[in-house]
Amino acid sequence: AVTGAVVAEELGYGDAAIAIHALAPRLFAYPILEMGTETQKASHLKRFTSRDFAAATAALLEPRWDFDATDLRTQAARDGAGWILSGSKSAVPLGADAEMILVYARGAAAQSNSPDGFAGVEGFLVPRSASGLRIGPREKNMGLKALATHEIILDGVKLPPEARLGGEKGIDFSRLMSESRVALAAIAIGVMRAAFDYARDYAKERKAFGAPIATKQAVAFMLADMAIEIDATRLLVWESASLLDKGKRALKESYLAKNYSAQSALKVTDNAVQALGGHGYIREHPVEMWLRNARGFASLDGIVTI
């Protein structure tokens, strides 16, 4: 997990949208690797071992203002030995291209071993060809313009019993959420670093009243605060990832890291825009893009994983 966090940070430094696009198949593959049955592993994991990019994803977020991962409205109802999924999901990366989608839904609480408020959250392996599955048009987001996200509608999607991730044992959803939050926070660090580096270099070159603006106390202190936020966030992320590597619970630590990263990313990228002054507001410089991308980290739970 620590190595994954380092990789996610570097990808985020390059471009957050491309990072999430590249890591989206892990949303499908890693839950199967960690919690799938032997049959599920044999059936699905082989496609992710070739050099070719295998489009797959997961669907967690729902299109409602009061979304809460502990209170999913997408329902999984028993249908004999199988299941019927009903509901809708939003912000699904690669939604239009994915061959398989891991859909999280509310099942029977007694059938899940996920504690910490996530009891009853189940995962289901849904093929793109499933009857009743509809993919909405590409969403128009404020940031992450290079990332295609879609709404998906599940209108009575019938699934066989083997589609339930983990079989009768189910899943530990709190661990999956911890891994996702660590990944998202790590990508946010990459965005913060990119914005800081650009603003620092600009401040060293831009002169006002005969001296670089980086020598002005207001700008210098702002850059110092940005550097502090980046390092503080990275330590929170690495602490959470280290716990995951040790097989320990990291729900609280990953939640704190994710929340802090969302606040810090917004602060650092906004300061980068401020450091460039009027130039920060035009598309000639990328800081305005990083600010728009940073705005989304607060609401993108479950959109990427390490």
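1. M226 touches A195, F196, A199, V268, N271 and A272, with residues up to four places away in sequence left out (contact is heavy atoms within 4.5 Å). Keep in mind that this is a predicted model, with pLDDT of at least 70 needed for local features and 80 or more for side-chain atom pairs, while totals for chains, interfaces and linings use all residues. Numbering runs from 1 along each chain as its sequence is written, and side-chain values use heavy atoms, without hydrogens or water.

2. M226 also turns up, with I187, V237, F297 and V304, among the residues with the most contacts inside the largest nonpolar core, which has 52 residues. Here a nonpolar core means buried Ala, Val, Leu, Ile, Met, Phe, Trp, Tyr and Cys joined through side-chain atoms within 4.5 Å, and buried is under 20% relative accessible area with a 1.4 Å probe, protein chains only.

3. Which element gives the most to this core? That's α4, with 16 residues (helices are DSSP runs of H or I, at least four residues; strands are E, at least two). A separate core of 25 residues includes A58, A69, F118 and F173.

4. Now the largest pocket: 29 residues line it, and L61, A91, G296, S299 and L300 lie nearest its centre. β3 (82–93), α6 (251–276) and α7 (287–294) each give two or more lining residues, with α6 giving the most, three. For the cut-offs, a pocket is an open set of points on a 1 Å grid over the protein atoms alone where a 1.4 Å probe fits, with protein on both sides within 12 Å along at least five of seven lines, and lining residues have an atom within 4 Å of a point.

Definitions and conventions
Buried < 20%, exposed > 50% of the residue type's maximum accessible area, 1.4 Å probe, protein only.
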